[in-house]
Amino acid sequence: MNIGIDLGSRRVKIVLMEGSEIARTRSFDTLLFYKRYGTIRQGKLWVQFDRLDIPIDPSPGVFVTGYGRNNINISGANIVTEIQAHTKGAIFQTGLEDFTLVDLGGQDTKVAYVKGGRVKDFLMNDKCAAGSGRYLENMARVLSVSLKDLGGQYHDPIDLDATCAIFAESEMIGKIVEGIPIARICAGVNLSVVRRVLPLINRFPRQDIVVSGGVARNRAVLKLLRRSIDTPVIAPKRPAFNGAIGCALLSRRALEPGS
């Protein structure tokens, strides 16, 4: 059994693979995960995997990535970058080796140019939460809609000028006061995510776009991105688990004879 763990800022994802098949996936709210399964030892946060309903035996074969990879201690685990894990997961899930990876995470956005299955260059926006999953969560809260309903709106989007997630809240409240339909405001929120990621994508030569991360489950963001760019936009089957899948694949390779 090969195990991959993505310690995301919003969700902790765990993938178990048997050979080339995904045997099981688990997802936890990040804060609840640390509260229920974490403990402080010698000034560090350790994960009590024995309390999880998952056959995890921490060993050199466990690979970990994500926002919290450097903040907790998993005995014997291998720490890998999110770009490395997500690229590996995207290749596995799509079969592509030449693509631009767009990882829309909980608190940041990463874009990598992949050629021949290798990362040639990448860019990262971790200075502001605007355009991330956290941004969409906050906007849904302000608009009193579910994330699912927000992710279904892409028709006739309004323009949102604010480039900061905090100022965007005030701008949306103003739009509501003006009487603009909530559906159009939701579409505008989704379009603002696309507009924030496009400059990163356009820095690289044009090729297929693979979108990973939890935001890839937002149907409207994908539709609006496809409208804005003249290249295929692909969301893998399990976009939110893509990083954990990549870690599980790296675990399998590490345990192969002669590796």
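**Group meeting: helices, a sheet and a few loops**

The axes of helix H6, residues 182-201, and helix H7, residues 219-228, come within 9 Å and cross at roughly 50 degrees. That angle makes H6 oblique to H7. The crossing is right-handed. Before I go on, please keep in mind that this is a predicted model.

Which residues meet at this crossing? From H6 they are Ala-187, Asn-190, Leu-191, Val-193, Val-194, Leu-198 and Ile-201, and from H7 they are Ala-220, Val-221, Leu-224, Leu-225 and Ser-228. Sorted by class, the contact of H6 with H7 has ten nonpolar residues, two polar and no charged.

H6 also meets helix H3, residues 133-143. The axes of H3 and H6 come within 11 Å and cross at roughly 165 degrees. An angle over 145 degrees counts as roughly antiparallel, and H3 and H6 are therefore roughly antiparallel to each other. This crossing is right-handed. On the H3 side the residues are Tyr-135, Leu-136, Met-139 and Leu-143. On the H6 side they are Ile-182, Ile-185, Cys-186, Val-189, Asn-190, Ser-192, Val-193 and Arg-196. By class, that gives nine nonpolar, two polar and one charged.

Strand S10, residues 109-115, runs antiparallel to S9, and six bridges join them. As an example, Thr-100 has Tyr-113 in S10 as its bridge partner. S9 and S10 form a hairpin, with four residues between them.

S10 and S11 run antiparallel and are joined by seven bridges.

Now for strand S12, residues 209-212. It pairs with S9 in the parallel sense, over four bridges. In this pair, Leu-101 stands opposite Val-210.

Is S9 itself mostly buried or exposed? Six of the six residues of S9, residues 99-104, are buried, so the strand is largely enclosed by the rest of the structure. Both of its faces are covered. Phe-99, Leu-101 and Asp-103 are buried on one side, and Thr-100, Val-102 and Leu-104 are buried on the other. So Thr-100, the partner of Tyr-113, and Leu-101, which stands opposite Val-210, are both among the buried residues, because the whole of S9 is buried.

Strand S2, residues 11-18, and strand S3, residues 21-29, pair in the antiparallel sense over eight bridges. Met-17 has Ile-22 in S3 as its bridge partner. Two residues lie between S2 and S3, and Gly-19 in that turn has a positive phi of about 65 degrees.

Ser-144 sits in the loop between H3 and helix H4, 147-150. It counts as exposed, at 68% relative accessibility. Another case is Asp-156, with phi near 50 degrees. This residue lies in the loop between H4 and helix H5, 165-177. Asp-156 is partly exposed, with a relative accessible area of 49%.

At 11% relative accessibility, Thr-231 counts as buried. What is it in contact with, leaving aside its neighbours within four places in sequence? The residues are Arg-206, Gln-207, Asp-208 and Ile-209. Ile-209 falls within S12, which spans residues 209-212.

That is the end of my part.

Terms used. Residues numbered from 1 in each chain as written. Predicted model: local features only at pLDDT ≥ 70, side-chain atom pairs only at ≥ 80, totals over all residues. Heavy atoms only, no water. Buried < 20%, exposed > 50% of the residue type's maximum accessible area, 1.4 Å probe, protein only. Pairing = 2+ DSSP bridges. Axes fitted to C-alpha atoms, helices over the stretch in contact; angles between N-to-C directions. Parallel < 35°, antiparallel > 145°, perpendicular 65-115°, else oblique. Left-handed = near helix turned anticlockwise from the far one by under 90°. Contact = heavy atoms within 4.5 Å. Nonpolar A, V, L, I, M, F, W, Y, C, P; charged D, E, K, R; others polar.
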